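Here's a quick briefing to read with the model open.

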Amino acid sequence: MINLQPYQNPLYFGLLILALIPEIICLLMGKRFRWYETIVSLIFLMLTFGGTKIHEGLMLICYIVFESILTFAYLKYRKKDNRGSVFVIAIILSILPLVIVKITPAISGSQSIIGFLGISYLTFKTVGMLMEIRDGIIKEISLFKLLQFLLFFPTISSGPIDRYRRFIGDYDNTPSKEKYLKMLEKAVHYLFLGFLYKFVLAYFFGTVLLPIMSKGSLANGGISWWLVGYTYTYSMDLFFDFAGYSLFAVSISYFMGIETPMNFNRPFISKNIKDFWNRWHMTLSFWFRDYIYMRLVFFMMKRKVVKSRVLLGNIGYFTLFIIMGFWHGLTWYYIVYGLFHACAIIINDAWLRFKKKHQDKIPSNKFTELLAMFTTFNVVCFSFLIFSGFLDKLIFG
Amino acid sequence: MKEQVLDILVDLTGSEEVRDNLNLNLFDNGLLDSMATVQLLLELQTQLGIDVPISEFERSEWDTPNKIIAKVENN
């Protein structure tokens, strides 16, 4: 059987559009063609996780069975009781497969056998559900809907990370004809913007320019103009590649009448680091904000663990960004990337507090705004240089 | 109820503006952030006895004084 990775080649797009046509016609007539949708999903999952990747496919099935049992068991328990310790155990169990997949390469040097494409993103979805079950916000789950949510194929490999209640709200309803027409318009726009980003711009920056910059910097060694060039080229490649992919995922979701949230909102015009995280890989940063930062701060504030608000916020930031670093992988540069952003946002917060206090003395105009954008852009690009792992190559060969 | 909510908001944002303009977007104007949101939820719990789990907090539904008051009154 053939294997097709999502959004990689013309054949995948061709098949996808063909498969979606009957669904689009149905939605235009105001009906959701549920069983057809399910069959299309299964076919595309088989294309991605079958053939040469069948091992990943089997691991995906095992993972889904495990997480479903865990989710239903916790839901059943939560209806009777609500102990913190049981919640913590449920969370640990749900992230255990991902933790194993992330730790294995650092210990044994090879990929874990239980890994598969998209395991991180499925873990985000499941953990989010467990937290909302704990909060008593998710009260009922049907197995069919749980599977539709977790295995929603347009976003399975790399997000955007949707949320159960939001997704099911879309899935249970059929958009009105006017609304669906608008969604189609956006879907087509995103699809072509995605082509531009991924196959023109990311190709240019990543495949054409980046190797030249890489060669130049390695030949010169140390800090050189080549390294500066590498930094900005890599940043552009990272953005256009991931934003391009995300646009495809959102576009295909819209064709299917599901409003998957956007992942990027012009991140390079951010005015500060906080603004940047509200614009860059948004579904991930909002996930970290809502499920880690806010919960941790709430817990510490309620228990009065720490008195100082500032210190409390900073502990929250460090926890968030260190976890984000570890999530990217167990290498020094991912961890440093996390720490760098934690420091950047803490400095940023201190500056915002200072600015608020001395509002009358600090100028604020078009020039300062441009200066803020320029500074943020450069700080962010430097953080991507750390993230790229290129320094590892440059320093340690 | 409305006054109590506004008192909490003035306290958290450090700005009287929230009293004058009930449709002011608190997040876009940098008056509230995640940290202040958590404090808001805690204050609602301790002062007014209203329990809002973090999962329930959807930014777009809580971004102006009016919306927050409406949420609290409907609770």
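Contact here means heavy atoms within 4.5 Å. With that cut-off, 19 residues of chain B are in contact with 19 residues of chain A. This is a predicted model, so local features need pLDDT of at least 70 and side-chain atom pairs count only at pLDDT 80 or more, while totals for chains, interfaces and linings use all residues. On bookkeeping, residues are numbered from 1 along each chain as its sequence is written, chains are lettered from A and ligands numbered from 1 in the order in which they are written, and side-chain values use heavy atoms, with hydrogens and water left out.

- M35(B), I54(B) and S55(B) supply 35% of the area that chain B buries against chain A, more than any other three residues.
- How many salt bridges cross the interface of chain B and chain A? The rule finds one, where a salt bridge is a side-chain nitrogen of Lys or Arg within 4 Å of a carboxyl oxygen of Asp or Glu.
- K274(A) and D33(B) meet in a salt bridge through their side chains, at 3.0 Å from N to O.
- Six residue pairs are in polar contact between chain B and chain A, with both residues at pLDDT 80 or more. A polar contact is a pair of N or O atoms within 3.5 Å; within protein, one must be able to donate a hydrogen and the other to accept it, and residues adjacent in sequence count only if both atoms are side-chain atoms.
- On the side of chain B that touches chain A, α1 (2–13) and α3 (34–48) of chain B each supply at least two residues. Helices are DSSP runs (H or I, at least four residues), numbered from the N terminus.
- α3(B) gives the largest share of that side, eight residues.
- By class, that side of chain B has nine nonpolar, seven polar and three charged residues. Ala, Val, Leu, Ile, Met, Phe, Trp, Tyr, Cys and Pro count as nonpolar, Asp, Glu, Lys and Arg as charged, and the others, Gly among them, as polar.

- Chain A splits into domain 1 (10–160), domain 2 (178–255) and domain 3 (269–396), with bounds from an automatic or database domain assignment.
- The centres of domain 2 and domain 3 of chain A, taken over C-alpha atoms, are 23 Å apart.
- 15 residues of domain 2 of chain A are in contact with 13 residues of domain 3 of chain A.
- About 1300 Å² is buried between domain 2 and domain 3 of chain A, and carbon and sulfur atoms give 82% of that.
- Between domain 2 and domain 3 of chain A, the salt-bridge count is zero, and the rule finds one residue pair in polar contact (both at pLDDT 80 or more).
- The elements giving two or more residues to the side of domain 2 that touches domain 3 are α8 (177–220) and α9 of chain A.
- α9(A) gives the most to that side, with 10 residues.
- The residues on that side of domain 2 divide into nine nonpolar, six polar and no charged.

**D237(A) on α9**

- D237(A) lies in helix α9 (residues 225–255) of chain A.
- Is D237(A) buried or exposed? D237(A) counts as buried because its relative accessibility is 15%, and buried means under 20% relative accessible area, exposed over 50%, partly exposed in between (1.4 Å probe, protein chains only).
- Leaving aside residues up to four places away in sequence, D237(A) touches A202(A), F205(A), G206(A) and L210(A).

**Salt bridges over all chains**

- Side chains of opposite charge can pair when their charged atoms come close.
- The rule gives 20 salt bridges over all chains.
- E37(A) and R32(A) meet in a salt bridge (3.1 Å, N to O), and both E37(A) and R32(A) are buried.
- K53(A) forms a salt bridge with E56(A), with the closest N and O atoms 3.8 Å apart.
- K179(A) and E259(A) pair in a salt bridge at 2.8 Å, N to O. The pair links distant parts of the chain, K179(A) being in helix α8 and E259(A) in the loop between α9 and α10 (273–277) of chain A, 80 residues apart.

Methods. Buried area = accessible area lost by both parts, 1.4 Å probe.
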